[in-house]
Amino acid sequence: MALDNQPKREFKVVGTRPPRPDGVDKVTGRAQYGADVSAPGMLVAKILRSPHAHAEILSIDTSAAEALAGVKAVVTSRDFGAVGDTIIDIGEDSSPLADIRDNCLARGKVLYDGHAVAAVAAVSAEVAKAALKLIKVDYRVLPHVTDVDAAMKPGAPVVLSGRVEETVQRGKSENVTHYCEFGHGDLESGFAAADLVVERSFTTAATHQGYIEPHACLASMTADGKADLWCCTQGQYNVRSVCAEILGMEASQLRVTASEIGGGFGGKTSIFIEPVALALSRKAGRPVKLVMTRDEVFKATGPTVSTSMDVKIGMTKDGRITAASSHLRYSGGAFPNATVDMGAQAAFAAYDLKAVRTFGWNALTNRPKESAYRAPGAPQAIYAVESVIDELCQKLNLDPLEVRLKNAAKKGTRSSYGPTFDDIGLIATLEAAKAHPHLKAPLGPNQGRGISAGFWFNFGGNTCVTLNINTDGTVSVTEGNPDIGGSRASIGMMAAEELGVPFEKVRTIVADTASLGHNDITDGSRVTFAVGLATIKAARDAIQKMCRRAAAIWGIDEEAVEWVDGAARPSGPNAGQFPPLTLAEIAAVSFQTGGPIAGHHEFNADGAGVSFGVHIADVEVDPDTGATKVLRYTVFQDAGKAVHPDYVEGQMQGGAVQGIGWALNEEYIYGADGRLQNAGFLDYRIPVASDLPMIDAVILEIPNPGHPYGVRGVGETGIVPPLAALSNAVSRAAGVRLNRLPMSPPRVLEAILSKG
Amino acid sequence: MVAVKLWGSLRAFADGHEVVQVEARNFRELLDRLGETWPGLKPQIERGVSVAVDGLVYREAWFTPIKPDSEVVLMPYMQGG
């Protein structure tokens, strides 16, 4: 259990801004990313992908490819084993292993444009590409569906049969695999008590995480069945679990090392190429390197859900919400998922409501299997809710921030998803926004200001940390979560804080799967919270041992020794008079006093503490082109204790920027043939620096009672409010409500022209 | 006895009850009793659930103690990115 009865509130290291420990490697090009690892005798792999959105695979003939000089192995789904009914927690979704396997190499049917069908390992990329052209796949093309609403209609092409959960109402398409409902109270009475009820429909496009580094791995399996795998991932332990099952290996025989990671944002919680590379290496008897192209990243790795949503909210003239409901229809692509659960729970979480109900469905479509993307499912639902609240404020001539304050969830509020909130920071965050100069700054012609609240759950999870006290008085922390947002810094800082040594004395490394016990994926904003907590506990374990050594040196009871400012000291009047023994002094004689000193902690962390944010966006809309320019943007977020404020601000800024991209430009565009039309950064436009103003970040520090330093996760909440903040700003600037994302210039112009 | 709030789409599998009573001292016993008493809940429990106890959300933590007066809410398995 995470609740800790040794709270610490006076900090010496935590809360400072030391240089990032990975900085030099990254700016000098020394950092080893997924594609940077090589091995003697290494082969190069390429994957053959489906040109169809939906088709039955009648046959695959690999003989000509196998006969090509330089080709050392060809694999298809036949090279993967049976995996039974195992379900594995992999980022956003608890996925059946069979689905992960069949997404890596299609079995029986291809389910989307770009679905992997076969793979080749050859002596060069050129030979591998030539071999792909020699693989003959006989397809029977099937009708396809890529739109969520179309997929839910009876009679829609069925993407996968037999996957409907028991909760789904009868009479819907077989594509509707999942249904959920949350909420409480009497909606009918609530809406009857409103002075104004607004009901609107919204859609959001699938968006890609847009990480700079494509997926890459190097697999090396030897003849005795042992294997090493280097890959860019948010969770090497889950890669091991999944690959071992698919390849029919024992986990201990597969060592997975996570490379430096060039962005993940949730998209590298999933597994796409690693089992393929391992299967090729097993067949070829040589190391195999597999690196995706950008086109492959877009076509075959994780976008978000695409959505269609209806929201209805009732409000009194003085701004009290009387009732709220939403209907959420999400599609996570060709395999079942339950992301809509998270959206449905998060939709109204910011508000204290007597009557609230959310209904959610997932539908299969012929799109790539969704992967997690920061706060999966929440930004979309909250976009729709916050848009309707803003429209109500406009129509009732109410201040949108005051309305949010009036209805804000607080300690004791029964949340819209069930539990009663403990200490939460929404009101403090709203008050900070209210007091900020941004809210009072004047606006010019064609300019608008939008605000939005946002929410994310955060969680903990399985965590294991080892902390070694080196004989020179330095400290080595070994943790098992790839560093996607500065965790090596924050973990090292918490170790230094607890031990009472300078941060520079601590180095934190990310272990491979053979060197440390299991750690859950880097997701759910869990690492600074959970790994940090385990590090504090491991440090306390080491401190206890160092106090014991000091007691032995002094010849007193260990209970008579305390740890203060990095040194053991006699405690109490009867302990005797001894000069303090520092960590370095105890470490220097550790071999003589009982051997090496280390601390360790493993647990399943809970008590992460929910997080709220409020964003304010100013935009200017060109009435002639529909183009939107973001003029000013401020993020307010409850971080609990900000361990390294630079990184916390970076998370808040990064979330805002990605959300601006969702709101204004990013979308998966499919042609009538069901094929992706914009699989590259030229046609899929993410925001670049010149598109953006400085994103101001205001950190609120409302301590999380579930962590001794008060830490909450900060990695995901920042992407939740921007969609509605931008949409509300654009709607006010354009003088017409926008209800479809992205708000690309043609769509905004169409809305402006349609108002007459 | 512990009062357990179910989310809306599970109520159909508990005779329409929003709150059900089970005898349980911890997370694991809670899920066992729920599955025994309301077999229709078993598929969801097997797919994965979280349990909020007095406002804190737990995933998988079998031995998390539950007091008779605790607020207990069954939730979907928490996921993140």
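1. Two strands are taken to pair if DSSP finds at least two bridges between them, and strands (E, at least two residues) and helices (H or I, at least four) are DSSP runs numbered from the N terminus. In chain A, strand S1 (residues 43-49) and strand S14 (residues 288-291) run parallel and are joined by three bridges, with A:Ala45 standing opposite A:Leu290 of S14(A).

2. The model is a predicted one, in which local features need pLDDT of at least 70 and side-chain atom pairs count only at pLDDT 80 or more, while totals for chains, interfaces and linings use all residues. Residues are numbered from 1 along each chain as its sequence is written, and chains are lettered from A and ligands numbered from 1 in the order in which they are written.

3. Chain A holds an open sheet of seven strands with mixed pairing, in the order S3-S7-S1-S14-S11-S12-S13. Strand S3 (71-75) and strand S13 (254-258) of chain A each have a single partner strand, so one side of each of these edge strands is left without a neighbour in the sheet. From one strand to the next the twist averages 20°, where axes are lines fitted to C-alpha atoms, for helices over the stretch in contact, and angles run from 0 to 180 degrees between N-to-C directions.

4. Across strand S12 (227-231) and S13 of chain A lies helix H7 (residues 236-247) of chain A, which runs at about 145° to S13(A). Contact here requires C-beta atoms, placed from the backbone, to lie within 7 Å.

5. Between the chains, the contact takes 42 residues from chain A and 25 residues from chain B. On the side of chain B that touches chain A, helix H2 (42-47), strand S4 (56-59) and strand S5 (72-76) of chain B each supply at least two residues, and S4(B) gives the most, with four.

Definitions and conventions:
Contact = placed C-beta atoms within 7 Å.
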